[in-house]
Amino acid sequence: MSQRIYCMAQFQPKPGKEAELFKVLQSLEPNTLREDGCVQYRVTRQIHSPFADGKSMPIAFNEIWRDLASFEAHCQRKEIVEFFETYCQAEEGLAEAWNVCIYSDEPDDYDAPVV
């Protein structure tokens with residue numbers, strides 16, 4: 001097992017703003033990929049297939065971080081904080097909704113002492 005953190009950050013653009021929001025999110029990739037704990041950071045857009053017909057927001061970041069501390073440091077970077085303030089929280093922003101979740105590949109009580 002690892003201490004890696006897997007993040008799915010999904011975005012619902014405001015009507016007519018999908019291409020613009022996607023471009024802004026792509027602009028976050030170069031600096032983030034330079035972060036010490038960043039393993040993967042790629043913005044993607046949903047495509048349609050009869051074999052993958054689940055419900056999702058149309059834009060999603062697929063992220064892998066070395067550990068929780070690396071992910072949390074990333075979230076506090078000025079560029080990321082300003083992105084959320086400008087494009088998500090501001091009334092004139094490009095995102096209608098967003099959802100950021102993190103996951104671990106370690107089961108509960110991994111490496112717990114045997115009693």
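Trainee: How many aromatic pairs does a search of the whole structure find?

Mentor: Bear in mind this is a predicted model, where local features need pLDDT of at least 70 and side-chain atom pairs count only at pLDDT 80 or more, while totals for chains, interfaces and linings use all residues. Residues are numbered from 1 along each chain as its sequence is written, and side-chain values use heavy atoms, with hydrogens and water left out. Rings of Phe, Tyr and Trp (its six-membered ring) pair if their centres lie within 6.5 Å, and planes under 30 degrees apart are stacked, over 60 edge-to-face, the rest tilted. Searching the whole structure on that basis, the number of aromatic pairs is six.

Trainee: What class of aromatic pair do Y41 and W65 form?

Mentor: A ring pair is described by the distance of the centres and the angle of the planes. For Y41 and W65 the centres are 6.2 Å apart and the planes make 70°, which makes the pair edge-to-face.

Trainee: Are Y41 and W65 buried or exposed?

Mentor: Y41 is in strand β2 and W65 in strand β3, 24 residues apart, and their pair links distant parts of the chain. Strands are DSSP runs of E, at least two residues, and helices runs of H or I, at least four, numbered from the N terminus. Going by relative accessible area (buried under 20%, exposed over 50%, partly exposed in between; 1.4 Å probe, protein chains only), Y41 and W65 are both buried.

Trainee: How many bridges join β2 to β3?

Mentor: Two strands pair if DSSP finds at least two bridges between them. β2 and β3 (residues 59-65) run antiparallel, and the bridges joining them number seven.

Trainee: What is the order of the strands in the open sheet?

Mentor: The edge strands, each pairing on one side only, are β2 (38-45) and β4 (95-104). The pairing is antiparallel, and the four strands come in the order β2-β3-β1-β4.

Trainee: At about what angle does helix α3 run to β3?

Mentor: Axes are lines fitted to C-alpha atoms, for helices over the stretch in contact (heavy atoms within 4.5 Å). Angles go from 0 to 180 degrees between N-to-C directions. Helix α3 (residues 68-75) lies across β1 (5-13), β2, β3 and β4, and runs to β3 at about 135°.

Trainee: How far is the sulfur of C88 from the closest cysteine sulfur?

Mentor: A disulfide is a pair of cysteine sulfur atoms within 2.5 Å, and the whole structure has zero. C88 is buried, with a relative accessible area of 4%. Its sulfur is too far for a bond because the closest one, in C75, lies at 12 Å.
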